[in-house]
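Hi there,

Here is the structure I promised to pass on to you. Have a look at it first, and then read my notes below.

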Amino acid sequence: MIWQMIWAYLKIGFLGFGGGYAMLSLIYAESTKLGLTPAQFADLNALDGLIPGPVAINSATYIGQLAGGFWVALAVTLTVCIPSLVFVPLYMRNEQRIQDNWVLSALLKGIKPASAGLIVAVAVQLALTTIGGIDSVFALARAHVDWVSLGVLGAVMVLDLKWQVNPVVLIALAGVVGAIGYWL
């Protein structure tokens, strides 16, 4: 299992373009192959908002800890860092040539909308799982709406969009309301 995790996070590190949240769809796909449930992935996203550090590193540590404890978490966390240790020095050495190359510049500009689409895809997947209890839009007929989760989502959106409340406060508030809602 550890070798599967190392291979998965090596792929995530080498193929993850567009920043941490753009990598979420790749992290989700690889993590589900490793046995992570959608609920655990939602927990990972909530923790990622509270814990400092890059999404890929936080996810590697979290999933490694769930799967095999401290040493597996350490191994997988170090593995996801390897591509950065390779690409950053290469980029720094060739930065001017990359910026002057119109093909690479256009390619990098094209990655931005693709990254946004990947972020939206993961958000929709998590909403379907968390709020509807389903895993795809094709199962909407079987959805069972979780009214507490839907209410928390609506309240967080209003607080964020209208009053720009700090995201850490929103995450903590959502956790408290969710805990109370499910406890009752």
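Leaving aside neighbours within four places in sequence, which residues is Ser25 in contact with? The answer is Leu118 and Val122, where contact means heavy atoms within 4.5 Å.

Before I go on, a word on the source: this is a predicted model, in which local features need pLDDT of at least 70 and side-chain atom pairs count only at pLDDT 80 or more, while totals for chains, interfaces and linings use all residues. Residues are numbered from 1 along each chain as its sequence is written, and side-chain values use heavy atoms, with hydrogens and water left out.

**The whole chain**

The protein chain has eight helices and zero strands; these are DSSP runs numbered from the N terminus, helices being H or I with at least four residues and strands E with at least two. Along the principal axes, the C-alpha atoms fill a box of roughly 60 × 40 × 35 Å. Of the 184 residues, 27% are buried (under 20% relative accessible area, with exposed meaning over 50% and partly exposed in between, for a 1.4 Å probe and protein chains only). Among contacts between residues at least 6 apart in sequence, 49% join residues at least 24 apart.

**Helix H2**

Back to Ser25, which sits in helix H2 (residues 24-33). Ser25 counts as buried because its relative accessibility is 19%. The buried residues of H2 are Leu24, Ser25, Ile27, Tyr28, Glu30 and Ser31, and they pack against H1, H3, helix H4 (55-68) and H6. After H2 comes Gly35, with a positive phi near 100°.

**Two helix pairs**

How do H1 and H5 cross, at what angle? The axes of helix H1 (residues 2-15) and helix H5 (residues 70-100) come within 8 Å and cross at roughly 30°. Axes here are lines fitted to C-alpha atoms, for helices over the stretch in contact, and angles run from 0 to 180 degrees between N-to-C directions. H1 is therefore roughly parallel to H5 (under 35 degrees; over 145 is roughly antiparallel, 65 to 115 roughly perpendicular and the rest oblique). Ala, Val, Leu, Ile, Met, Phe, Trp, Tyr, Cys and Pro count as nonpolar, Asp, Glu, Lys and Arg as charged, and the others, Gly among them, as polar.

For helix H3 (residues 38-50) and helix H6 (residues 102-132), the axes come within 10 Å and cross at roughly 120°, so H3 and H6 are oblique to each other. H3 passes H6 in a left-handed crossing. Pro38, Phe41, Ala42 and Asn45 in H3 meet Val122, Leu126, Thr129 and Thr130 in H6. That contact has five nonpolar, three polar and no charged residues.

**Thr77**

Is Thr77 buried or exposed? Thr77 counts as buried, because its relative accessibility is 13%. The side chains of Thr77 and Thr61 are joined by a polar contact of 2.6 Å (a pair of N or O atoms within 3.5 Å; within protein, one must be able to donate a hydrogen and the other to accept it, and residues adjacent in sequence count only if both atoms are side-chain atoms).

Enjoy exploring!

Methods: A crossing is left-handed if the near helix is turned anticlockwise from the far one by less than a right angle, and right-handed if clockwise.
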